[in-house]
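Subject: Handover of a structure

Dear colleague,

Please find below the structure that I am handing over to you. I would be grateful if you kept it open while reading the notes that come after it.

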Amino acid sequence: SGIVLQPDGKLAVGASVKVTTKAGHTSIRNASIDVYDSHASITTTDAEGRFKLKAQPDATGLLAVHDE
């Protein structure tokens, strides 16, 4: 869980957030996350920029994408 902020410090409402793994393949197109992994965990931030994702033992990081 966490909060996503834009570079100017504003909340990133509606941002897509994904857990990255060594085995997964992800690309970004038109401010959207394209996923080529059927086990990928992706969510969208709420009105306060908050998100929750399940822990993954093979996680290597988080990717957050927002259109602003």
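This is a predicted model: local features need pLDDT of at least 70, side-chain atom pairs count only at pLDDT 80 or more; totals for chains, interfaces and linings use all residues.

The protein chain has seven strands and zero helices, so its pattern along the sequence reads β-β-β-β-β-β-β. The radius of gyration is 12 Å, close to the 11 Å that the globule rule gives for 68 residues, and the chain is therefore as compact as a globular protein of that length. Along its principal axes, the C-alpha trace spans about 30 × 25 × 15 Å.

Among contacts with a separation of 6 or more, 66% are between residues 24 or more positions apart. Of the 68 residues, 28% are buried. The accessible surface of the protein chain is about 4700 Å², and carbon and sulfur atoms account for 50% of that surface.

Turning to charge, the protein chain carries 7 positive and 8 negative charges, whose mean positions lie 6 Å apart. Side chains of opposite charge can pair when their charged atoms come close. How many salt bridges does the structure hold? There are two. One joins the side chains of K10 and D8, with an N to O distance of 4.0 Å; both of these residues are exposed. The other links R50 with E48, where the closest N and O atoms are 3.3 Å apart. R50 counts as partly exposed because its relative accessibility is 43%, and E48, at 47%, likewise counts as partly exposed.

Yours sincerely

How values were computed:
Residues are numbered from 1 along each chain as its sequence is written. Side-chain values use heavy atoms; hydrogens and water are left out. Helices (H or I, at least four residues) and strands (E, at least two) are DSSP runs, numbered from the N terminus. The radius of gyration is taken over C-alpha atoms; the globule rule is 2.2 Å times the number of residues to the power 0.38. Buried means under 20% relative accessible area, exposed over 50%, partly exposed in between (1.4 Å probe, protein chains only). Contact means heavy atoms within 4.5 Å. Accessible areas come from the Shrake-Rupley method with a 1.4 Å probe; for residues, only the protein chains shown count as cover. Lys and Arg count as positive and Asp and Glu as negative; His and the chain ends are not counted. The place of a charge is taken as NZ of Lys, CZ of Arg, CG of Asp or CD of Glu.
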